[in-house]
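Here are some notes to read alongside the model.

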Amino acid sequence: MRWLCACCAVAAAQNVSGVAILTPVHRTHESRHDRYVRNLRSLGGLVLETCRVAFLVDKTSMPIVKASKRAILAAGFGSVLVVPETGRNVDGEIAKHDDRHDPAVQRQRRSRLARARNKLAFTALGVPFLGVTIAWTLWLDSDLASFPPLIVPRLLEADADVVAPRVVDANRVLYDKNSWQHSEESREACRALPRGSLLVQGGYRRPTSTVLDGDGRAQRDLGIAHMDALAARAERFAPLDAVGTACLLIRADVFGDVEFPAELTEGHLLESEGFGELAAKRGYRVVGDVRTVVVHA
């Protein structure tokens, strides 16, 4: 890997070129997607003609997303890709559960989400773009309520390879619990977990730090520091051991070394959390920006 040079910190205060904005879209509706496009159009600090917006879209959402391409291009973005989701719908298969964050479905759901995210990332980075080199990927959920217009320059101030902001709901309750830092207690506990155990963070408004055995049964909670706990400390930037993708900035070169794991990592993680673990192990700097706040609907 290569470390970010000092000039990158200067670039963070200027317009940023070569950003791919990546958004999986499942079962959206017109009002939600209209809000997404409005949020896109509010983005500042970017050289828009060098930026690509790429969607991974399920069949039911395809007409809505395709209809938005003209508005996104009219806003100044240089490229829009609409990638069809293939195979079985990730969330559709767990519709019988009341909550997609139900621990019982996380092993299956996160494995398939990992494969879907890898498909979107490598398609967005691999399709030629008029001589533009993609330097950064910005993951955005399709149902974010708002984010700072200068979200990319702000996250670049971390001088890191992977940067997660703090994602909350409208009441400032932490929404994305997948960005976190190990405590000594939790790190030691994870080392002792039996093979096949999955560590998940419980989801929105659920108990945190749940360890699941091979049958999906909850075993215990661990003392992991999430972004709200990290925000109570003095530092703006905090090292992370795992990341969520509700909003996440990743240097594009990282994808040459790391994918979203669909199989359990040594740290008993899958998907985005496992991505953070693997990136850190390969020497990339993975941090949370606790003072940059994104609001999830």
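Are W139 and F260 buried or exposed? W139 is buried, and F260 is buried too (buried: under 20% relative accessible area, exposed: over 50%, partly exposed in between, with a 1.4 Å probe and protein chains only).

1. A word on the basis: this is a predicted model, where local features need pLDDT of at least 70, side-chain atom pairs count only at pLDDT 80 or more, and totals for chains, interfaces and linings use all residues. Residues are numbered from 1 along each chain as its sequence is written, and side-chain values use heavy atoms, leaving out hydrogens and water.

2. There are six aromatic pairs (rings of Phe, Tyr and Trp, the last by its six-membered ring, with centres within 6.5 Å; planes under 30 degrees apart are stacked, over 60 edge-to-face, the rest tilted). W139 and F260 make an edge-to-face pair, at 5.4 Å centre to centre and 85 degrees between the planes. Because W139 lies in strand β4 and F260 in the loop between β13 (247-251) and α9 (271-281), the pair ties together parts 121 residues apart in sequence (strands are DSSP runs of E, at least two residues; helices of H or I, at least four; numbered from the N terminus).

3. F255 and F275 form a tilted pair, with 5.5 Å centre to centre and 40 degrees between the planes. Both of these residues are buried. Ring pairs link F122, W139, F255, F260 and F275 into a cluster.

4. Do look at D141, in the loop between β4 (136-140) and β5 (144-146). D141 touches T23, Y36, R117, T245, A246 and H296, leaving aside residues up to four places away in sequence (contact: heavy atoms within 4.5 Å).
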